[in-house]
Amino acid sequence: MNSNRRYPDTVSGPFEEPPVEFVDREDRPIKILPYDGSDREFEGLVKMYIEFDLSDRAQGIPPKKEPRVRTWVDNILADDCLNVIAWDGGTAAGHSMLVPDGDGGHEIAIFILQPYQDAGIGTQLTKSLLGYGEQHNISKVWLTVERWNHRAIALYEKIGFETTSAESFDLEMAIRIAAE
Amino acid sequence: MNVLLGFDGSQASVDALKRTIDRAVAAGDELTVALNETGVASTDVLADRVEQAVGEKELSVELREINGEPASDLIEIAESEEFDELVLGGNSTSPMGKITLNKTVEFVLLNSHVTVTLVR
């Protein structure tokens, strides 16, 4: 990976760590919790990604077919990754993860199931994950996002991400959540 | 068809090489492989890998060396020598599995006047 990745000098946060409970803009009670390692939660995530609309894919993920969804979910629920899930009762409404890049940083992504979009869940979910990351001594977080995905870019900027590279097809953004 | 493949020894380019060789054998394409020496693999090593990939197959592959800027070198060769197709590997992924296009792929896609196939 790119070992010359840039990060903002300023530390953002602190962010509230999970569990976080709130009522979304559609009056649904949402609970954000770290992944508990259970099969039940694993299956909840698989169900969410199988229902995921193809138009909301980001750079090829999530995959579409169930076997590949299972492989992918299994990979990002590995012990060295941090995962938080937004639950509406037993339904996984959103999922956010930090995956180590082998270079001292973590890649972040957020997925919100279509019926739960535009309800404020993405912002809460991202902040909760960053809070969870702070707890686990993570300091540098980055992501790539397609240039036309204005909704996602606005969300990340609001939280404190800065654009660190705009030279590629995708925009690279990064945030620092702890001093090194 | 007259096909030009860019090869730098990366996993993505190895995948592209295998697919392109199979297709060339099946379709009777003429294949030229442009070896792009990187810090990881020398031209000799790259040439050996191409030879191994061809193995016993009924195909003679022309080898070229490119130096300098691989993206513009590939386009220059493809356009000036009237290739029908330029093939590149493009399957690099981020830690979480997002597909990313490197600078070479991006430049070629945007600037080539020859049809580009991206093998993923």
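This is a predicted model: local features need pLDDT of at least 70, side-chain atom pairs count only at pLDDT 80 or more; totals for chains, interfaces and linings use all residues.
Reader: What makes chain B as compact as a globular protein of its length?

Author: The globule rule gives 14 Å for 120 residues, and the radius of gyration of chain B is 13 Å, close to that value, so chain B is as compact as a globular protein of that length. Along its principal axes, the C-alpha trace spans about 40 × 30 × 25 Å.

Reader: Why are S3 and S7 of chain B said to stand at the edges?

Author: The open sheet has 5 strands in the order S3-S2-S1-S4-S7, with parallel pairing. Strand S3 (61-66) and strand S7 (115-119) each have a single partner strand, so one side of each lacks a neighbour in the sheet. On average, neighbouring strands are turned by 25° against each other, direction ignored.

Reader: How do you know that S2 and S3 of chain B pair?

Author: Pairing requires at least two bridges. Strand S2 (residues 30-36) and S3 of chain B have 6 bridges, in the parallel sense; the two strands therefore meet the criterion for a pair. Thr32(B) stands opposite Glu62(B) in S3(B).

Reader: Which strands of the sheet does helix H2 of chain B touch?

Author: Helix H2 (residues 43-54) packs on the sheet and touches S1, S2 and S3 of chain B, its direction making about 160° with that of S3(B).

Reader: How many residues of chain B are in contact with chain A?

Author: In chain B, 9 residues are in contact with 17 residues of chain A. By class, this side of chain B has 4 nonpolar, 3 polar and 2 charged residues.

Conventions
Residues are numbered from 1 along each chain as its sequence is written. Chains are lettered from A and ligands numbered from 1 in the order in which they are written. Two residues are in contact if their C-beta atoms, placed from the backbone, lie within 7 Å. Ala, Val, Leu, Ile, Met, Phe, Trp, Tyr, Cys and Pro count as nonpolar, Asp, Glu, Lys and Arg as charged, and the others, Gly among them, as polar. Helices (H or I, at least four residues) and strands (E, at least two) are DSSP runs, numbered from the N terminus. Axes are lines fitted to C-alpha atoms, for helices over the stretch in contact, and angles run from 0 to 180 degrees between N-to-C directions. The radius of gyration is taken over C-alpha atoms; the globule rule is 2.2 Å times the number of residues to the power 0.38.
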